[in-house]
Amino acid sequence: MDATRPLDALNVSRNKRVIVELKNGRRYVGNLKAFDIHINTVLDDAEEYIDGEMKRKLGTVFIRGDTITIISPQ
Amino acid sequence: MDATRPLDALNVSRNKRVIVELKNGRRYVGNLKAFDIHINTVLDDAEEYIDGEMKRKLGTVFIRGDTITIISPQ
Amino acid sequence: MDATRPLDALNVSRNKRVIVELKNGRRYVGNLKAFDIHINTVLDDAEEYIDGEMKRKLGTVFIRGDTITIISPQ
Amino acid sequence: MDATRPLDALNVSRNKRVIVELKNGRRYVGNLKAFDIHINTVLDDAEEYIDGEMKRKLGTVFIRGDTITIISPQ
Amino acid sequence: MDATRPLDALNVSRNKRVIVELKNGRRYVGNLKAFDIHINTVLDDAEEYIDGEMKRKLGTVFIRGDTITIISPQ
Amino acid sequence: MDATRPLDALNVSRNKRVIVELKNGRRYVGNLKAFDIHINTVLDDAEEYIDGEMKRKLGTVFIRGDTITIISPQ
Amino acid sequence: MDATRPLDALNVSRNKRVIVELKNGRRYVGNLKAFDIHINTVLDDAEEYIDGEMKRKLGTVFIRGDTITIISPQ
């Protein structure tokens, strides 16, 4: 990610593997397929982690933006 | 789901079975009938799960968008 | 409820008996008289349930939308 | 209250005694003098109840809308 | 306070002593100097109460509206 | 601070020492350099207090408005 | 940081090392690459601290603005 606006920075990670962390402590790791200005985010080949442990393979997952704390390239 | 905007991705699941998870930990599984930009969502043939256990069959359920964390195809 | 937009789906339940659940765990059962885009909702002949037990008959009740998690036909 | 829009329904209770319940569990009972689209609400001759017990007579009270869960005619 | 819109009702208390209560349980008592549509509020000669006990004299205090539950003339 | 609009009142404290209190209980004391309509606030020569005890000197600090409860001249 | 608007003040720290603190208590330290009016923020060469202890090197991290409490130059 390298850009002057935050969403441009997210765009650099499109189709790459990212970590998405939620306010409830859950973590999703997957390929960043889509996001919008609300930071609503879609991951592909996603895995869900609770307390650092992989709990579920989800395939595709839509994550509501207001529940997200951080997004980081894996 | 495969699209460049998150709501397009949700649209791919229309009339298919999805899992909707809420901030209060509840999970609803049903056929995705409708959603809007607030992620207000309507499921058909919905079942409610609490702590992983099926508690109620709800038929149709309207879920207020701001209470949702993730939506994923079942 | 059967419609492509969530509020259309709610509209199918107008004047019918619905269950409204709140973020604080309370549940209201009544006839759906009115709602708006914020999901502010008015029920008639409403009963309040706390922990699954009927606590009060309220007649009419106005429920602020942002406190609602789900609405479902009874 | 009888109307097709939630605020019309509230309007039927204007100058009548209503119960207003808050997210923090407090309850105010008073004459409904004013409200707006945010559900900011003004009661006259208001009494405050905590855990079902009358704690204070407040005269007039302005209640910020986003703290309200339900409003019901007494 | 006597008016058909909530902010008109607040206006009746301008330059008079009011009680402002917050979501975190704190209470401020002071002269109502200013407020806006977000209910951001400024009090003069303000005192802070925690658990019913006066803790600090604050002189002027700006209170962010979204943290307020009720405002009432003292 | 003396003005009819809350932000005018804040403006009177510009370049003066203020106390900013947060929803998480932390308190920042510093020179008020800037603020906007969201009450996003910048302090200079700021000190952070936790449980009434000075914990850090921060120099400049940007405080997101929605985390603020009150601002008061020191 | 020295400016009359909060975002101008943030801009002075662009490409410099800042501390970003979150509502959940986590702290990120990194080079401030980007931010927007929602205070969505992107850091480079970021490190995550939990309870004051460095837990992870994250490289780039996108932080959703509404989860931030303060930003301060390191």
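Which residue of chain C forms a salt bridge with D:Lys23, and how far apart are the closest N and O atoms? In this predicted model, the partner is C:Asp66, and the closest N and O atoms of the pair lie 2.7 Å apart.

## Interface of chains D and C

The salt bridge between D:Lys23 and C:Asp66 belongs to an interface across which 3 salt bridges are found, together with 9 residue pairs in polar contact, both residues of each pair being at pLDDT 80 or more. On the side of chain D that touches chain C, the elements that give two or more residues are α1 (6–11), β1 (17–22) and β5 (68–73) of chain D. The largest share of this side comes from β5(D), which supplies 6 residues, and by class the side divides into 12 nonpolar, 5 polar and 6 charged residues.

In total, 23 residues from chain D and 23 residues from chain C take part in the contact. The area buried between chain D and chain C is about 1,600 Å², and carbon and sulfur atoms give 53% of this area.

## Interface of chains B and C

Chain C is also in contact with chain B, where 23 residues of chain B meet 23 residues of chain C. The two chains bury about 1,600 Å² between them, with 53% of that area on carbon and sulfur atoms.

Between chain B and chain C the count is 3 salt bridges, and one of them joins the side chains of C:Glu21 and B:Arg26 at an N to O distance of 3.4 Å. Across this interface, 9 residue pairs are in polar contact, with both residues at pLDDT 80 or more. The side of chain B that touches chain C receives at least two residues from each of β2 (27–35), β3 (41–50) and β4 (53–63) of chain B. Of the elements of chain B, β4(B) gives the most to this side, with 6 residues, and the side as a whole has 9 nonpolar, 5 polar and 9 charged residues.

How values were computed:
Residues are numbered from 1 along each chain as its sequence is written. Chains are lettered from A and ligands numbered from 1 in the order in which they are written. This is a predicted model: local features need pLDDT of at least 70, side-chain atom pairs count only at pLDDT 80 or more; totals for chains, interfaces and linings use all residues. Side-chain values use heavy atoms; hydrogens and water are left out. Contact means heavy atoms within 4.5 Å. Buried area is the accessible area (1.4 Å probe) that two parts lose on being put together, summed over both. A salt bridge is a side-chain nitrogen of Lys or Arg within 4 Å of a carboxyl oxygen of Asp or Glu. A polar contact is a pair of N or O atoms within 3.5 Å; within protein, one must be able to donate a hydrogen and the other to accept it, and residues adjacent in sequence count only if both atoms are side-chain atoms. Helices (H or I, at least four residues) and strands (E, at least two) are DSSP runs, numbered from the N terminus. Ala, Val, Leu, Ile, Met, Phe, Trp, Tyr, Cys and Pro count as nonpolar, Asp, Glu, Lys and Arg as charged, and the others, Gly among them, as polar.
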